[in-house]
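I opened a new page for this chain.

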Amino acid sequence: AAAGYRFLRLLEGPGARFLDEPTRRALADAANHGDFQRGVAGPGMATGSAAARAVPIGLLHALGRFNPELFVRDVLRATVITHAEPEVVNGALAVAYAVLLLAQGMTPPEVLVDEVVRFIDEDTVAQRLRRVASRPLPTGDPTAAATQLDTLGRSAAVDEVVAGAFAAFVAAPDDFRQAVAIAVNAGGASDTRGAIAGALAGAHLGARALPPTLVEKL
């Protein structure tokens, strides 16, 4: 209920213009029926915004002993506030699990995609992530990397957003600014893709590695 109240404040405030259609529709419905576990589903509703929302869950579960059942439940509950498509839940699970692994510091970026694919369900998200592992972006050239990122898709669909974010991070795992630049310069759903790529880089590098000039502008 507390989370739902805050979501409605977002819907009613100036930030509402940044919400995608599934989120806006689900929150408008929830304002009427009061159920914040009844996200929307259907054609065009499997967008990646809820996947970005799963980042803090990965951070929280990186502390202490890992409980897979509790972890999956938390990701599911956070996702279905707005999105009820299975692919979105799986995309959110991929992001949260990747953040968990990187925050614990025991999974090198070069094997991150393989570890995540082994953990999540087999669907379009997993299939597109496999393309990231089989054809990594060129390193050392952000422009070329952003151009090749276009082959993974630039739409707001959850499988394309998540795969693009992972690819951008893996191409520059030790450079926060470059990883995010690759993600956003590919165009399309650059905001969500960039948010997820930044979360992966931040979890891997830590807060001290964030460019001070960017932090100061927040």
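My entries follow, from the whole chain down to single residues.

**Ground rules.** I am working with a predicted model, where local features need pLDDT of at least 70, side-chain atom pairs count only at pLDDT 80 or more, and totals for chains, interfaces and linings use all residues. I number residues from 1 along each chain as its sequence is written, and side-chain values use heavy atoms, with hydrogens and water left out.

**Whole chain.** I looked up the secondary structure and found 13 helices and zero strands. Helices (H or I, at least four residues) and strands (E, at least two) are DSSP runs, numbered from the N terminus. The radius of gyration is 17 Å, close to the 17 Å that the globule rule gives for 218 residues, so the chain is as compact as a globular protein of that length. I note that this radius is taken over C-alpha atoms, and that the rule is 2.2 Å times the number of residues to the power 0.38. The C-alpha trace spans about 50 × 35 × 35 Å along its principal axes.

I then checked burial. Buried residues make up 47% of the 218 residues. Buried means under 20% relative accessible area, exposed over 50%, and partly exposed in between (1.4 Å probe, protein chains only). For contacts I use heavy atoms within 4.5 Å. Of the contacts with a separation of 6 or more, 67% come from residues 24 or more positions apart.

**Helix 2.** Helix 2 covers residues 21–33, and its 13 residues should span 18 Å at 1.5 Å a residue; the end C-alpha atoms are 18 Å apart, which agrees. The expected span is 1.5 Å times one less than the number of residues. The buried residues of helix 2 are P22, T23, A26, L27 and A30. They cover an arc of only 120° around the axis, which puts them on the same side of helix 2. That arc is the one of the directions from the helix axis to the C-beta atoms. Their cover includes helix 1 (2–12) and helix 3 (49–53). Just after helix 2, G34 takes a positive phi of about 75°.

**Helix 10.** I ran the length check on helix 10 (residues 158–171) too. Its 14 residues should span 20 Å at 1.5 Å a residue, and its end C-alpha atoms are 20 Å apart, which agrees.

**Aromatic rings.** I found six aromatic pairs. The rings of Y97 and F119 have their centres 3.9 Å apart and their planes at 10°, so this pair is stacked. Y97 lies in helix 6 and F119 in helix 7, so the pair ties together parts that are 22 residues apart in sequence. My cut-offs: rings of Phe, Tyr and Trp (its six-membered ring) pair if their centres lie within 6.5 Å; planes under 30 degrees apart count as stacked, over 60 as edge-to-face and the rest as tilted. Y97 is buried at 11% relative accessibility, while F119 is partly exposed at 24%. F66, F71, Y97 and F119 form one aromatic cluster.

**Single residues.** T107 sits in the loop between helix 6 (86–104) and helix 7 (112–119). With a relative accessible area of 14%, T107 is buried. Leaving out residues up to four places away in sequence, T107 touches L101, L102, L112 and E115.

V184 is in helix 11 (residues 176–185). At 33% relative accessibility, V184 is partly exposed. Again leaving out residues up to four places away in sequence, V184 touches S190, R193 and G194.
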